[in-house]
Amino acid sequence: MRDFPLFPDQASTVATQVDQLYFFLVALSLIFAGVLPFVILYLIVRYHRSQEVDRSNPVNSNLKLELTWTIIPLILVMLVFFWGAFLYVQIRTPPMRTLDVYVIGKQWMWHVQHPNGKRENNELHVPIGQPVKLIMTSQDVIHSFYIPAFRVKQDVLPGRYTVMWFQATKPGEYHLFCAEYCGTEHSLMIGRVVALPLADYERWLATPGPVILPDGSIDTGRPTVVASPGDPMAAAGAQLFTNLGCAGCHAMAGGGVGPSLKGLYGATEKLNDGSTVTADENYLHESILNPNAKIVAGYAPVMPSYQGQISEDQLNQLIAYIKSLADTGN
Ligand code: CUA
């Protein structure tokens, strides 16, 4: 039974609450499904035409009875609705400061990169007691990142980012599944999540060896809560930014053909059609692949598309770089 438990571990901050709601729904269903058939059966037998019962004065309406069977179910479904909505909002809203990890799904594996540049496949190491945010995209078809022990699941889509967050509470190894049928080897698109105490996570992040930054300094592999230009992922993005010639238009000091990217991440941008947009990961992703979708007010739609020219991996690095230019991190 150890490898096939009836119920997954409760290993995240939301696990207990999700289970309470689940058990409440099961209990409610059992009560209705378990009791009502017997009541119906009793009435069928009791009032069968072969039975001698008084039929002289049939009841046509009973206000009290009707109110009872209307109001009690109403209270129950409203309870389920608000309980579920409250929990959903909590699970879908990441806290302001998170440890950001980039995930790419592809047929048929999970590819993970940490802010310090460390990569892993079909494994995800996370510290316990820290909010972790996964910024996820797919290189091909729709996948779904599912960690039953954390009670979190999120579709991973090509062409955009989806975000999922959790906070692990218990050290251990947990199942990681792809929960969206994605082709022949969908069932093999599995892995494990390793939750470690923070000190062990830092040690893991720092192995197999220190990462050498482009300027020659050594990164110790400490988890970076706020993206900084020193992160190897952001540094790789900065290199790409130079190689692709982005700085030709996006001068950091402003005044270029395109807007400056300094302080852009998380800011509210005014667009030329009068609407506004928050410069989050998805906006940046879209603006690199399909620059004309949203034009910042005061600029011309002159940026070429980079669709097909850079990989999702490189996009993640560019976005890590742009995030590192923000005045306030996330
Ligand atoms: Cu990826 Cu199923």
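Trainee: Hi! How many disulfides does the structure hold?
Mentor: Good place to start. This is a predicted model, and the structure holds 0 disulfides.

Trainee: And Cys182, is that buried or exposed?
Mentor: Cys182 counts as buried, because its relative accessibility is 4% and the cut-off for buried is under 20%. Cys246 is also on the buried side of that cut-off, at 13% relative accessibility.

Trainee: Thanks! Can we switch to pockets? What volume does the largest pocket have?
Mentor: The largest pocket has a volume of about 870 Å³. Its lining is made up of 29 residues. Pro8, Tyr146, Pro148, Ala149 and Arg151 are the ones that lie nearest the centre.

Trainee: What classes of residue does the lining of the largest pocket have?
Mentor: There are 17 nonpolar, 3 polar and 9 charged residues in the lining of the largest pocket.

Trainee: OK, and how much space lies in the second largest pocket?
Mentor: About 580 Å³. The second largest pocket is lined by 31 residues, and nearest its centre lie His250, Pro259, Ser287, Pro291 and Met303. By class, its lining has 24 nonpolar, 5 polar and 2 charged residues.

Trainee: Where does the largest share of that lining come from?
Mentor: From H5, which supplies 4 residues. Helix H5 (281-289) and helix H6 (312-324) each supply at least two residues of the lining of the second largest pocket.

Trainee: Which sense does E2 pair in with strand E1?
Mentor: Strand E1 (residues 99-106) and E2 pair in the antiparallel sense, over 5 bridges. Within that pairing, Val103 has Val112 in E2 as its bridge partner. The two strands form a hairpin with 2 residues between them.

Trainee: How many bridges join E2 and strand E3?
Mentor: E2 and strand E3 (residues 119-121) pair over 3 bridges, in the antiparallel sense. Gln113 stands opposite Arg119 in E3. The hairpin of E2 and E3 has 5 residues between the strands, and Gly117 there takes a positive phi near 100°.

Trainee: Nice. Now helix H4: what should its 12 residues span?
Mentor: At 1.5 Å a residue, the 12 residues of helix H4 (residues 232-243) should span 16 Å. The end C-alpha atoms of H4 are 16 Å apart, which agrees.

Trainee: Which residues in H4 are buried?
Mentor: Pro232, Met233, Ala234, Ala235, Gly237, Leu240 and Phe241 are buried. After H4 comes Gly245, with a positive phi near 75°.

Trainee: Last one. Where does Pro37 lie?
Mentor: Pro37 lies in helix H1. With a relative accessible area of 41%, Pro37 is partly exposed.

Trainee: How far apart in space are Pro37 and Val257?
Mentor: They are 72 Å apart, C-alpha to C-alpha, and 220 residues apart in sequence.

Methods. Residues numbered from 1 in each chain as written. Predicted model: local features only at pLDDT ≥ 70, side-chain atom pairs only at ≥ 80, totals over all residues. Heavy atoms only, no water. 1 Å grid on protein atoms, 1.4 Å probe; cavity = no way out; pocket = protein on both sides within 12 Å on 5 of 7 lines; lining within 4 Å. Points joined across faces, edges and corners; volume = space filled by probe spheres on them. Nonpolar A, V, L, I, M, F, W, Y, C, P; charged D, E, K, R; others polar. Buried < 20%, exposed > 50% of the residue type's maximum accessible area, 1.4 Å probe, protein only. Pairing = 2+ DSSP bridges. Disulfide = S-S within 2.5 Å. Expected span 1.5 Å × (residues − 1).
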